[in-house]
Amino acid sequence: MAKKRKHGHRLAGTLGRILGFFTASALCGVLAASLVAPAVAAAGLGVSTSIGFFDSLPEELTVQPPSQTTRVLTSDGQTIATFYAENRVRVPLANMSPFIRDGIVAIEDSRFYEHAGIDPQGILRAFLSNVTSGGKQGASTITQQYVTNVINEARLSQDKGNEVILSGQKDMGDKLREMKLAVALEKKFTKDQILEGYLNIVFFNSDAFGVEAASRYFFSTTAKDLTLPQAALLAGLVNSPTFYNPAVNPENSKGRRNQVLDEMLKHRKITQAQHDEAAAAPIELKITPERQGCANAAMAPYFCDYISHLILNNPAYGSSLLERQRRLYRGGLTITTTLDSRLQAAAQAQVDGTAGPNPDHWGAALVTVQPGTGKILAMAQNTVFLPADGKFDTQLNFNVDAKDPQGNDLNGAGGFQPGSTMKPFTFAEWLNEGKSMTAVVDASRRVYPLGFPWRSSCGKVLGAYSTAQNNPQLGAADDLQNAEDGFYRPMPVNYGLYNSINTATFAAAAQLDFCGIQKMVDAVGLHSGLDGAQINMHQLGNLLGATGVAPLHLANAFATFANDGKYCAPVALVDVTDAAGGKLPAQPSECRDAVKPDVARGVNAVLQDVLTKGSGVWINPKVHDKRPTAAKTGTSNNNGSTWVVGYTSGLATASFFGDALEGQKRSGQNVTINGTFYPRLDGWMIAGPQWANYMVQVTPLYPANPFPPPPASMTKP
C-alpha cells in the first residue's frame, strides 16, 4: 500500500512538471508579448485590469544617483570622518578591474551584451528548471537587477524602506514592471553604462554597497586593483551576500568563487591556467570596516561634530532637517574644512597629556584660529566621544557655544568663566578713549558702593561692588581682592594689566564709559556661550569674566588684536561639493573693522609684557623667545576655570583647563592633578604650559611678523 502511494506521488509530481512545462511555455509567450502589445498580454492573462496596469507604467526609467558616502576632509586633504546611510564610493567602469566586469557578467547574465534588457532564453530555461525539477532558478538579467536596485534605492532615499521589494517577494506584476523598465532602460543607456551603474549600486555587505566599497571592505584594495580570485569572490557574493559571505561562510564563498571562475573560463574570459591558479588560491581577506560618523572620526571628533551641526542647522542644505540629514548621509558630499591636520595632531597630543590619567575628570581644551581669516585650524579636548574603559567621555564640545545664533543646537558645553582674560577689553576701551598706556590708576580701592558715579552714556544703571553696605539684598559682591597682597596701591594701568591686578581693572573702568566697554566686547564677537546673549558689561562682575565664554570665540576675539583690529568671524567650512561636483554654500570669510589699529597695537604691546614680566612669566617654554607673542592669563574666582589665551600675528590659541562638566561649581583649590598638588590653580600653571608647549610646535608653520608698535602718544604718562 505504501509503495502504491509513493508511486502515486511520483506520478502526480511528473504530471505536475509536465503541466508546469506547458504553463511555463504559455507564460513565456505572454511575457514576451506583453513587452510589445500590452492588450494582448492582458487577454492572455485573463486579467481585465492589466491594460490599466501597463498604461500606468512610466515610459522610461529615470536613474537617480544612488546613496553615496559623504567625506569630511582637513584643509590638506586628510579624511576626518565619513557619513553614510550606505557605504558606497562611486567609480567609473574604467576604474574597475576587468576581472570584476567579466566575472559579474559571466555568473549573473552571460548574454548581457546580446539581449535587449530581458533574456527570453534565460526566462524559458529558468521556468523549465523550476517547474520540472522543483528548483528556484532566477532569470533576471543584470539590467533587470539594476532596475530593482534603482527603484529600491529611490524608496530608501525617500525614507520608504517598508516599500522595498526583494527578489523573493516579487509577484507577477512586479516582474512584468521590472521587465518593461529594463527594456526602456536599454533604450536610454549603453551596456557599459548599465554595467557601471549596477556595479556601483549592488549590495555586497551591510558595510559595502557597490564594488569599490566591497573591495575596500573585504580586501583593503580598490576595485581597479582586484585580483582574479578577489574579483571572482565578489562577483559570486551578490547572489546571496549572507550565504556567500567569506568572513562567515568561507567554504560556501570558495565554492561560489570557483563557480564564477568556471563560468569565466566557459565564456573564454580567462585561460585554463588563470582558472586553475585562481581556483587553488586560498581566500585571503583583509577586512577594513568603514567607520562612519564623528564617533569614529580618524581625528578631531568634536570638530567633526561641529561641522555636522553647521550642515544640519543650515537651510541652504535643505528646507527641512530631514532633507539636510538625507544630503549629509546620502548625498556623497565632499566637505573641505579649515582644519590643519598638523596643528590638530599637536593639539590633541597636548590636551591628552595635560591631566594624565585624570580620574577626577578635569577638562582640557585647545582651539586655534588664524588672524585675518577666522579659519579654525585646530580644536581638541581631553575626552573621548563614546564611553570607553578608563576614559573621560562626553559628547559635549568644550570649545564651542551650546547653540548657534539662530538657537539651533551645537552640542557645545556652553562656555566657561573667562576670568582675567576679559581684562584686555576694558584696557582696549581705555586706549580707545584716548588715555595713556602708562597713566596711573588707584588700585588700592576695593569698595565701589551704591551711588558711585559710574559713567554710562547709554543710560544703563550700574550697581555696587562691595559688601561694605552690609545689605545682602543689594546683590553686591565681595570687596575686590587681588590674587596676591602687595598690589593694593596706585600703579600704571599697563602694569596692572600685565600683572592681572583686579583692582587696577576696576580703577580704570571707573574712569570709562561702560557703554564704550560694551561696544568693545560686542565688536570682537564675545557673547554668552550658553545662549548667545550679549555679555552685559554693566554688570560689574563681567569686568572680571563672570559670564561663560566658549574658547573658540575667546581665541577669535584675541585674534582681532593680532589682526590690527580687524575682526573675522570663525570659519570652519571652506568648500562643499555634491556627488556631481556641484558647489554648495560654504562659509565665506566675513571680516570687518572692530578695533582701531592704534588701540590693537597698544593692547598687543602690553600683552607681550605678560610673558616677559607679568602673570605669565613662569610659563615655560617661552614662546616669545622665538617670535613676537602676546598672551593673557585668566582664572575664575574659585579657581575651577583657568586659561591662557595667546597669539602671534599668525595664530591665536585659547587654552582652557578646569571643571568642564560640573557647571563650574567645582573648586580648583587643594587639588592633585597629574601627580602634582596645587593649593589653588592659576592660569599659568596648567593651561599655560599646555598653550606654550603647543604653540612652540606649531607657530613655525604659520610665519609671524612683529606687531606694529603703538603710537608714541599712547606711551606718555
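A: Begin with strands: two of them pair if DSSP finds at least two bridges between them. Helices (H or I, at least four residues) and strands (E, at least two) are DSSP runs, numbered from the N terminus. This is a predicted model, in which local features need pLDDT of at least 70, side-chain atom pairs count only at pLDDT 80 or more, and totals for chains, interfaces and linings use all residues. Residues are numbered from 1 along each chain as its sequence is written, and side-chain values use heavy atoms, with hydrogens and water left out.

Q: How many bridges join strand β17 to strand β18?

A: Four bridges join β17 (residues 669-673) and β18 (residues 676-680), and the two strands run antiparallel. T672 has F677 in β18 as its bridge partner. The two strands make a hairpin with two residues between them, and N674 in the turn has a positive phi of about 55 degrees.

Q: Where is S220, another residue with a positive phi?

A: S220 lies in the loop between α9 (211-219) and α10 (228-237). Its phi is about 55 degrees, although S220 is not a glycine.

Q: Which residues does the cis peptide bond join?

A: The bond joins N620 and P621, with omega at about -10 degrees. P621 belongs to the loop between α21 and β14 (630-635).

Q: What is the order of the strands in the open sheet?

A: In a regular strand the side chains alternate between the two faces of the sheet. Here five strands form an open sheet in the order β7-β6-β16-β15-β14, with antiparallel pairing. Its edge strands, β7 (376-381) and β14, each pair on one side only. Neighbouring strands are turned against each other by 10 degrees on average, direction ignored; such angles run from 0 to 180 degrees between N-to-C directions, and axes are lines fitted to C-alpha atoms, for helices over the stretch in contact. Strand β6 (residues 363-369) is joined to β7 by five bridges, and T368 stands opposite A378 in β7.

Q: Which strands does helix α15 lie across?

A: Helix α15 (residues 341-354) lies across β6, β7 and β16 (652-658), running at about 25 degrees to β7. Helix α20 (residues 551-562) lies across β6, β7, β14, β15 (641-647) and β16, at about 35 degrees to β15.

Q: How is the packing of two helices described?

A: The description uses the angle between their axes and the distance between the axes. Angles under 35 degrees count as roughly parallel, over 145 as roughly antiparallel, 65 to 115 as roughly perpendicular and the rest as oblique. Helices α4 (residues 98-108) and α11 (residues 250-266) pack at about 90 degrees, with axes 8 Å apart, and are therefore roughly perpendicular. Contact means heavy atoms within 4.5 Å; among the residues of α4 that meet α11 are F99 and D102, and R256 is one of those in α11.

Q: What is the angle between α16 and α21?

A: Helix α16 (residues 423-432) and helix α21 (residues 597-613) pack at about 130 degrees, with axes 9 Å apart. They are therefore oblique to each other. The residues in this contact include F427 and L431 in α16, and V603 and V606 in α21.

Q: What is the mean pLDDT of the chain?

A: The pLDDT is the predictor's confidence in each residue, from 0 to 100. Its mean over the chain is 87, and 84% of the residues reach 70 or more. Over residues 1-28 it is below 50, and this stretch has 14 contacts in the model beyond near neighbours in sequence.
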